[in-house]
Amino acid sequence: MKKDLVNRFSTFFVNYFSLNGQLVSQADAEKDIREGVSFRGTNILILILAIFIASLGLNTNSTAVIIGAMLISPLMGPIIGIGLGVGIHDFDLLKRCLRNLIMAAGFSVIASTLYFLISPVNEQHSELLARTSPTIYDVLIGFFGGGAGIIALGSTNKGNVIPGVAIATALMPPLCTAGYGLATWQLNYFFGASYLFIINSIYIAFATFIGVKLMKYKPAQEADTVRARKVRNIVYALAILTMLPSVYLTYNMLKKSKFVSDADRFVAAECRFPDTQVLQRNAYYQDGQRYLSLTLVGRTLPIDSLRLALSSKLQYYGLAGTHLLFIQGGTDASTSLPAIGDIYSMAQGTISRQQSTIDSLRNLLTLERESSLSAPEISPEIKVLFPDIDRIGISATVFAEPDDPAATDTAVVALVHMRKRLTKSENTRLADYLKARLGFNKVSVVEVGE
């Protein structure tokens, strides 16, 4: 029973992952790959134009433009060709692909260097900075991207895999960033971006080599088995050596990320003061040492006592040995003053808005008080001028528009009860009298019944 269940499961998975009937012939796959290897004429011109487009995208920090340049670029061809050449022991193809890839990368760096030499914008944007610190994740992206590429090229249903691989592996931006590093003579940009391009190229080719082996492509007839073994060993060695620096960089990135996370926990739990708040915190490495800088606002605290109290608690958050720095009041104008200035500006804005509201309410209250006192005062005069009026009440009212609730208007409303209705002219005359008599700008007369 158990064996039968295992067989069913194995059959189920084999059916889902089987490539039978979905692969093109080796000759057709090789033809597609070999056609993309050449870098002459239109291909090299398209590559240079794509480099300029990618440089513009990096210069303006536009992700959409950078993606467009990746789709235009024909760089994937020789890289996949290298993997195919190693996999089928076609060393002439391998040499041609290496030569073309080196030429393409050289033209790309030269073109981007020329662009950034004449570009009026030389700011370092995030899309540029992201291409200078490769990690193990870039290795995995290149490997999985190359695997998807060779499977798509070897299958009948290619879909949009190759453009997707071009976007995911991002071959163009590192070359543009390398050109930027040369143009501005920032060699850390040049070497970081060049290393990222090498990672992508090697691991796309390595994944292609493995894919060729898994799809059981037959080696070239004139293949030298001894030479093939040497080339294969070189490929493995290059893959490992290329990956090692990225592992180190990944370790540093994760260590820094953990340090920042631990620092955030420490500040949230321990840095709570009655009349003082942490305005800004900055956890960073400098000369191999860890520092946590805290900018405080509020009541000034004694720095020595504060450092002594907090230093003993660092070890409980994995921060033993971290140097604590405090900035409060005017001790560091470059950090504290702009922040306090921002708070002052925000407070001034809030005070202004509140004062405007207070003034408006005060005016409304004054108007209401004056209008309510006016009715008894003018009642005898009203009886003489308008004998048909029995009673009168005067009140200040705020009118609002339904379409725009923020648009309000304050007016005085006179409520009158009379024996017979006023004519239109009498209504107007009464309103004019009240405005002149009471000194109000706007008076509305409303007749009411019992």
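Visitor: Which residues lie nearest the centre of the second largest pocket?

Guide: This is a predicted model, where local features need pLDDT of at least 70, side-chain atom pairs count only at pLDDT 80 or more, and totals for chains, interfaces and linings use all residues. Residues are numbered from 1 along each chain as its sequence is written, and side-chain values use heavy atoms, without hydrogens and water. A pocket is an open set of points on a 1 Å grid over the protein atoms alone, where a 1.4 Å probe fits, with protein on both sides within 12 Å along at least five of seven lines; lining residues have an atom within 4 Å of a point. Of the 10 residues lining the second largest pocket, those nearest its centre are S133, L249, N252, M253 and K256.

Visitor: Which element gives the largest share of the lining of the second largest pocket?

Guide: Helices are DSSP runs of H or I with at least four residues, numbered from the N terminus. Both α11 and α12 supply at least two residues of this lining. The largest share, 4 residues, comes from α12.

Visitor: How many residues of the lining of the largest pocket are charged?

Guide: Asp, Glu, Lys and Arg count as charged, Ala, Val, Leu, Ile, Met, Phe, Trp, Tyr, Cys and Pro as nonpolar, and the others, Gly among them, as polar. The lining of the largest pocket has 26 residues. They divide into 22 nonpolar and 4 polar, and the number charged is none.

Visitor: Which element gives the largest share of the lining of the largest pocket?

Guide: Residues I82, L98, L101, I202 and L238 lie nearest the centre of the largest pocket. Elements giving two or more residues to its lining include α5 (76–87) and α11 (187–214). The largest share, 9 residues, comes from α11.
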